[in-house]
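Hi,

Here is the structure I promised to pass on. Have a look at it first, and my notes follow below.

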Amino acid sequence: MIFRWVLWFLVLTGLGAAGYNGARRWKVEQDNRTVEIVLDYGELRSLSAQTGQGFVDVCRVFKEVGATSVAVTEETLGSMEETKRIELIPTSQLGESYFFVHQGNFRRVLNAIQTKTRYSVKTPPDLNPDASEDAGIRANQPFNIILGLGVGLDPRAVSAVREVGLGVVGRVANYPSMRS
């Protein structure tokens, strides 16, 4: 009989604790009713292509109905190679990669490699340090090893999203040498 009272006590104590925590959560959620509607950049680009409307026009339509931001995924060396902003150059050196960076992305790519890795990187010796021109980079790793290296958000994508007045939510990947 005493065992039954102990069990009822434990059940009622658990219900009381759950009710208390539930009431606190309800109060917090009542005080925080704002939401942010975030759209995916890639999906918006796809919709723009399918409808024949400009990217900015598609974004404006969504902004008018309540969208507040666009999520932009960080570019990688591999994604830049797919879009032909990096061109792989065959090299005879085993374990090295040589690639040419196009469309003014050289500084961004070089900075990412130098800050996120410990790879040995060589650039053309006559390159002006302040230049944003296109140039080649030689890294001491095969391209299939470094193709996943994030190089930041595409400045053109960020600019297009901000032009409409929407916020940018960066989807940035972690990298192995990231320090806390």
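Searching the whole structure, which is a predicted model, turns up two aromatic pairs. One of them is Phe99 with Phe143, an edge-to-face arrangement with 5.6 Å centre to centre and 65 degrees between the planes. Phe99 belongs to strand 5 and Phe143 to helix 6 (residues 143–146), so this pair ties together parts that are 44 residues apart in sequence.

Val101, for instance, sits opposite Ala135 of strand 7. Strand 6 (residues 121–122) is joined to strand 7 as well, by two bridges and again antiparallel, with Lys122 having Arg138 as its bridge partner. As for strand 7 itself (residues 135–139), four of its five residues are buried, so the rest of the structure largely encloses it.

Then there's the largest pocket, with a volume of about 230 Å³. Helix 2 (41–51), helix 4 (77–82) and helix 7 (155–164) are the elements that each give two or more residues to its lining. What sort of residues make up that lining? They divide into seven charged, three polar and two nonpolar. Among them are Arg45, Glu74, Glu75, Glu82, Arg85, Asp154 and Arg156, along with Tyr41 and Ser79.

Cheers

How values were computed:
Residues numbered from 1 in each chain as written. Predicted model: local features only at pLDDT ≥ 70, side-chain atom pairs only at ≥ 80, totals over all residues. Heavy atoms only, no water. 1 Å grid on protein atoms, 1.4 Å probe; cavity = no way out; pocket = protein on both sides within 12 Å on 5 of 7 lines; lining within 4 Å. Points joined across faces, edges and corners; volume = space filled by probe spheres on them. Nonpolar A, V, L, I, M, F, W, Y, C, P; charged D, E, K, R; others polar. Buried < 20%, exposed > 50% of the residue type's maximum accessible area, 1.4 Å probe, protein only. Pairing = 2+ DSSP bridges. Phe/Tyr/Trp six-rings, centres within 6.5 Å; stacked < 30°, edge-to-face > 60°.
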